[in-house]
Amino acid sequence: MQPRKPQQIARELALLSLSQLPINPKKLDKLPDEQLVAKLVLGAVRTLTTEVQDTLNNAAGELQRSNDRLLTSQTRASDLNTARTMLQEAITYTQTAINQLGTAVDFPELIQLANQDKDVRNYAKQIIITVYENRSLIDTLVSEALVDWQVSRLAQIDRDILQIAVAEMKLMGVPASIAINEAVELAKRYSGDEGHRFINGVLRRVTEHKQTA
């Protein structure tokens with residue numbers, strides 16, 4: 001496995017801390033490096049903890065519904081098929097949670113690089129500030145690319161991935177192909193089983209709208 005580049009580390013750190021920062025992001029510019037890294041890492045831990053807990057809760061719910069269906073069924077094929085589908089959903093949620101927990105193994109490296117590499121800190125900070133200051137525009141672009149869906153209904157992690165990618169493409173000068181590829185990789189690590197395909201499709205529609213605008 002090739003070592004990740006500073007911008008990749010920064011992008012992941014920004015993603016995980018984006019929804020958890022308790023202060024005005026503009027104030028990040030004034031923080032000493034040690035405090036900046038501490039706030040980003042704390043936000044990342046909170047996000048990962050919340051995502052894993054929500055995913056496991058969804059898995060538990062599907063298992064309970066599957067069990068209830070089996071207990072109340074009369075061994076009809078439709079009941080068994082429904083229970084099987086619910087069980088498969090529970091397995092999928094559990095696998096997603098396992099994948100999310102697996103990313104915690106990378107946290108020591110992430111923290112070390114954020115502390116040692118100024119480029120990591122600065123790019124993560126730039127992403128966060130750009131998203132916060134332009135969220136209305138970014139959400140409009142994402143909304144235009146969604147098909148029969150609303151930004152407010154997206155899972156938080158998917159929304160954050162999309163916002164970062166659009167910010168990079170539209171406001172930070174990152175080539176669309178790179179921003180999309182990086183967003184897809186983040187979705188594979190943190191989103192659901194179909195999340196990376198969904199992210200890829202939305203972002204490609206964003207680039208198509210850009211070209212035809």
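Is L63 buried, partly exposed or exposed? With a relative accessible area of 42%, L63 counts as partly exposed; the cut-offs are under 20% for buried, over 50% for exposed and partly exposed in between, using a 1.4 Å probe and protein chains only. This is a predicted model, so local features need pLDDT of at least 70 and side-chain atom pairs count only at pLDDT 80 or more, while totals for chains, interfaces and linings use all residues. Residues are numbered from 1 along each chain as its sequence is written, and side-chain values use heavy atoms, with hydrogens and water left out.

L63 sits in helix α2; helices here are DSSP runs of H or I with at least four residues, strands are runs of E with at least two, and both are numbered from the N terminus. Together with L87 and I91, L63 makes a nonpolar surface patch of about 250 Å². Patches take residues with over 30% relative accessible area and no salt bridge, joining nonpolar side chains (Val, Leu, Ile, Met, Phe, Trp, Tyr) within 5 Å and like charges within 9 Å. The areas come from the Shrake-Rupley method with a 1.4 Å probe, and for residues only the protein chains shown count as cover. Q88, in helix α3 (residues 77-102), is 25 residues along the chain from L63, with 9.0 Å between the two C-alpha atoms. Q88 is partly exposed too, at 45% relative accessibility.

Now for the inside. The largest nonpolar core has 50 residues, and V142, I161, V166 and L203 touch the most other members. Such a core is a set of buried Ala, Val, Leu, Ile, Met, Phe, Trp, Tyr and Cys residues joined through side-chain atoms within 4.5 Å. Helices supplying at least two residues each include α1 (6-17), α2 (33-72), α5 (118-133) and α9 (195-212), and α7 gives the most, with 8. Setting aside neighbours within four places in sequence, L203 is in contact (heavy atoms within 4.5 Å) with L162, A165, V166, M169, I180 and A183.

K125, in helix α5, is buried at 13% relative accessible area. Beyond its neighbours within four places in sequence, K125 is in contact with L28, D29 and L36. E168, in helix α7, has a relative accessible area of 1% and is likewise buried. Apart from neighbours within four places, the contacts of E168 are R11, Y123, I127, G173, V174 and A179.

The structure holds 4 salt bridges, each a side-chain nitrogen of Lys or Arg within 4 Å of a carboxyl oxygen of Asp or Glu. One of them pairs E168 with R11, the closest N and O atoms being 2.9 Å apart. E168 lies in helix α7 and R11 in helix α1, so this pair ties together parts that are 157 residues apart in sequence. R11 is buried at 3% relative accessibility. R11 also forms a salt bridge with E182, where the closest N and O atoms are 3.3 Å apart. That pair links R11 in helix α1 to E182 in helix α8, 171 residues apart. E182 is buried, with a relative accessible area of 17%.

Another salt bridge joins E185 and K188, with 3.5 Å between the closest N and O atoms. Both residues lie in helix α8, 3 residues apart, or about one turn of the helix. E185 is partly exposed at 42% relative accessibility, and K188 is partly exposed at 43%.
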